[in-house]
Amino acid sequence: MTGRRAPALLALEDGTTLRGTSFGAEGETFGEAVFNTGMAGYQEVLTDPSYAGQIVTMTSPHQGNYGLNALDPESDRVQVAGFAVREASRRASSWRSERTLHEELAAASVVGIEGIDTRRLTLRLRELGAMRAGVSTVDLDPEGLVARVRESSGMEGADLASTVSVAEPYEASSLAGPAATDAGPVLRVAAVDLGMKRNILRRLAASGIEATVFPATTPASTIAARGFDGVFLSNGPGDPAATAYGIATARELLGTIPLFGICLGHQLLAHALGGRTYKMKFGHRGVNQPVKHLRTGVVEITSHNHGFAVDPDSWSREGDRVQTAAGPADLTHWNLNDGTLEGLRCLDVPAFSVQYHPEAAPGPHDSRYLFAEFRALMEGAA
């Protein structure tokens, strides 16, 4: 990044403003301000469709050190609404690097701001919760930008999955390669793309699962007619309660075919089971959330990116077992930081889900076993 950088202003709906300088594209953007605590993985964050509509603040102070490349993105474009960092690296120091963070954001027309006190911003979001925000190199008047932020849309009630999904079905092998055969016969699944990360397709393929990816709004009847061994419900952005088409698809497929949901897919499965979700104060976004798996007693270090969660008291409950619209289910995984429900498994129908990301790239990898469990669920239902 060379030359004089334009001044930039970040404003929150509570009236907080932070002055910095721009990198990436100039202009302005609006979205929900959130923070991510990962010390690595900024390329995966930028390209994760679950971040659509959000201005992401990275708590680790130096970003862009190792550049970006064509192999690590989680989708085909930068998905964040904006990017806020303490300092953006001027050069990339990695043999894998093909472009700098500044070049990536500029090419994607995404506004970035650096030189702000990201610690102050993060503490503000922790105290008051995720909130509407704006970043501008055009409007540097604090009062004016705050007023416009307050006029922008929030995340509650937002259906965003259909805006980041694919337009047409495609075979996952075109991105992830052929499914492995060392686990046994290759199984076929329908992967509903609600904002799916590419590494999910790689982990499915590594588990001997061949996926056909479908748009978010694909009806259950279309999937059921193709004779798949299972259905995968992906991660994605927005308010799960507003993703009515995803809930309907999960509800219609429950009990007819094995289901596995991750993140938004977990939330949609919960809705299909008669449960409900709620907006968290500031959500979970990072790579070090401790989650306890009740069956094994193992505490898994997990990657998260979500601002909504499933309410475990949605159903009639006795301890870690609930009665859902599809029969009893076990609440299988719990967050040890704040007690958030992180996973469930139906007992009368073949379906389970987790809130976090077992496919996490660059890591951690504690939860990759869940893809093998999905395979086992399909084999048991055959």
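Trainee: At what angle do helix H9 and helix H10 pack?
Mentor: Helix H9 (residues 244-253) and helix H10 (residues 264-272) pack at about 65 degrees. Their axes are 8 Å apart. Helices are DSSP runs of H or I, at least four residues, and strands are E runs of at least two, numbered from the N terminus. Axes are lines fitted to C-alpha atoms over the stretch in contact, with angles from 0 to 180 degrees between N-to-C directions.

Trainee: What kind of model is this?
Mentor: This is a predicted model, where local features need pLDDT of at least 70 and side-chain atom pairs 80 or more, while totals for chains, interfaces and linings use all residues. Residues count from 1 along each chain as its sequence is written, and side-chain values use heavy atoms, without hydrogens or water.

Trainee: Which residues meet between H9 and H10?
Mentor: From H9, Gly246, Ile247, Ala250 and Arg251. They meet Leu268, His271 and Ala272 of H10 (heavy atoms within 4.5 Å). That contact has four nonpolar, two polar and one charged residue.

Trainee: What classes line the largest pocket?
Mentor: Seven nonpolar, four polar and six charged residues.

Trainee: And what is the volume of the second largest pocket?
Mentor: About 160 Å³. Residues lining this pocket include Phe35, Arg126, Phe282 and Asp338.

Trainee: Which strand gives the most to that lining?
Mentor: Strand S15 (residues 277-293), with five residues. By class, the second largest pocket's lining has two nonpolar, five polar and three charged residues.

Note on methods:
Ala, Val, Leu, Ile, Met, Phe, Trp, Tyr, Cys and Pro count as nonpolar, Asp, Glu, Lys and Arg as charged, and the others, Gly among them, as polar. On a 1 Å grid over the protein atoms alone, a cavity is a set of points where a 1.4 Å probe fits but cannot get out, and a pocket is an open set with protein on both sides within 12 Å along at least five of seven lines; lining residues have an atom within 4 Å of a point. Grid points are joined across faces, edges and corners, and a volume is the space filled by probe spheres set on the points.
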